[in-house]
Amino acid sequence: MPDRKTDRPIPHLPGFDSTATFLREGYDFVGSRCRRLGSDAFHTRLMLRPVTCVRGPEAARMFYAPGRMTRRGAMPASVVALLQDRGSVQTLDGKAHRTRRALFLDLMSPERLEQGRRIFADEWQAAAAGWRGRTVMLRDEVQKVMTRTALRWCGVPFTEDEVAARTDELTAMIGAAGSLGPVYLRARALRARSERWARAAVHRARDEGRAEGALARIVAHRDVDGSTLNDAVAGVELLNLLRPIVAVGRYIVFAAHALHRHRDATTAFLNDAPGDAARIEAIAQEVRRLYPFFPVIGGRVLTPFTWRGRDFAAGEWLILDLYGTGRDGAAWDRAENFYPARHLTGGDAGGALIAQGGGDMESGHRCPGEWLTVALMCAGIEALLALDHDVPEQDLDIPRNRFPPWPRDGMRIRVASGPSVLWS
Ligand code: HEM
């Protein structure tokens, strides 16, 4: 694995501002600069603001030191408005953050994760019955399956007529987070409609006094000052569960892509220990490590600190390369290879699997939905393995400058006409 120079001052990129290069190169921007500079950090400007870009497990530990960074003012306002929004857990710090975060962590018990898997399997089976003998675009089909899974897991009642609207809203928030222009404006309008719907769902649950599942936990939640969440904030947090559960569908499509691209290797890997759930999870982890989702996460310094001989003052802006850390050649052996077996023994390469953020699960900003993501991905991989299908000729390229991307042709699959067999 290549050497990394950590005893030199953090280098500056040439040029005044790197925004255009970042948008052009996308996911590869930070990693390729780090490789070229032989450094896991560099200074530049993005959107004219000075920023320090960092990648790798050591940089992640620096970034996620408790209490060090806030997410406020650390991501473009356009992204925040679609993804987390005002008053949400991600905008909080300190004790207020920990108290709100408990709402999400309480929902991740083994029983609730198992329930998520069961609901997904049920929804997938119902949808897949309609795919028999047809060529379907997995991208579109999975989004509907995930929307129904998310609504059921959160305990939100819905009618069949509503599913299309919710699918549209929840997928637009994710798909347009990195866009500008009409695509973004449409997503903002859908987000506003979705917030109205979520507020009404919370209000109804309170009125009727018989909420279930995650919705019940949101309604009962007390913030650090002992107050319950108002309907607007409760609605935002409800969307903070629904939207990312739908987002897991993208990873399931990526898993289909990986199972196809690496068919012989994954078949041999699974056949070595038939029925071994750890191998399914290893495939899920390798998909999370290699496939593009959040390119980076931003933080602004709350508590000044020194790293690599440089003093970071309050308010300074850093971005951590989530995608590039998964492909960091100093952390991972044969980093670019799809090799799930590494996860059977290797752990997370000292904290280098940070597709969903890093650091402490209890108190930091690391994604509280990570276990649910992996559970749903495992259920998705099992469902794909059980689905008798092949992959017709198409463009399987995944663009590196869309945030986040799909396989270009939406991952079309041709499903056999007979029923599926359960993977075991
Ligand atoms: C495709 C799957 C997912 C990806 C790629 C993803 C990624 C992320 C990332 C990168 C962060 C920011 C971490 C940071 O600020 O340091 C985050 C935060 C968050 N995620 Fe996820 N996530 C996913 C699924 C989920 C799921 C399934 C849930 C809940 C059901 C969830 C709920 C949240 C929440 C509430 C936060 C804010 C946490 C905080 O600020 O304390 N995510 N996620």
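**Stop 1: the ligand shell**

Select H11 first: with 7 residues, this helix gives the most to the shell around the ligand. Helices (H or I, at least four residues) and strands (E, at least two) are DSSP runs, numbered from the N terminus. The model is predicted: local features need pLDDT of at least 70, side-chain atom pairs count only at pLDDT 80 or more, and totals for chains, interfaces and linings use all residues. Residue numbers start from 1 along each chain as its sequence is written.

Now show the whole shell. The ligand is surrounded by 26 residues, and the closest are Gln-90, Pro-244, Gly-357, Cys-367 and Gly-369. Two or more residues each come from helix H5 (94–106), helix H11 (231–261) and helix H16 (370–386).

Colour the shell by type. It divides into 16 nonpolar, 7 polar and 3 charged residues. Ala, Val, Leu, Ile, Met, Phe, Trp, Tyr, Cys and Pro count as nonpolar, Asp, Glu, Lys and Arg as charged, and the others, Gly among them, as polar.

**Stop 2: helix H5**

Select H5. His-97, Arg-100, Arg-101, Leu-103 and Phe-104 are buried there (20 or more other C-beta atoms within 10 Å of their own, C-beta atoms being placed from the backbone). Helix H10 (213–220) and H11 are among what covers them; contact here is C-beta atoms, placed from the backbone, within 7 Å.

**Stop 3: the hairpin**

Move to strand S1 (residues 41–46) and strand S2 (residues 49–54). They run antiparallel, joined by 6 bridges. Strands pair if DSSP finds at least two bridges between them. Ala-41 stands opposite Val-54. The hairpin has 2 residues between its strands, and Met-47 takes a positive phi near 50°.

**Stop 4: strand S5 and its partners**

Select strand S5 (residues 296–301). Strand S3 (residues 69–70) joins S5 in the antiparallel sense through 2 bridges. Click Thr-70: its bridge partner is Arg-300. Strand S8 (residues 317–321) also pairs antiparallel with S5, over 5 bridges. Here Gly-299 partners Leu-318.

**Stop 5: the open sheet**

Finish with the open sheet of 3 strands, ordered S4-S10-S9 with antiparallel pairing. Strand S4 (135–137) and strand S9 (389–390) are the edges, each pairing on one side only.

Conventions. A residue is near a molecule or strand if its C-beta atom, placed from the backbone, lies within 6 Å of it. A residue is buried if 20 or more other C-beta atoms lie within 10 Å of its own, exposed if 12 or fewer, and partly exposed in between; C-beta atoms are placed from the backbone. Two residues are in contact if their C-beta atoms, placed from the backbone, lie within 7 Å.
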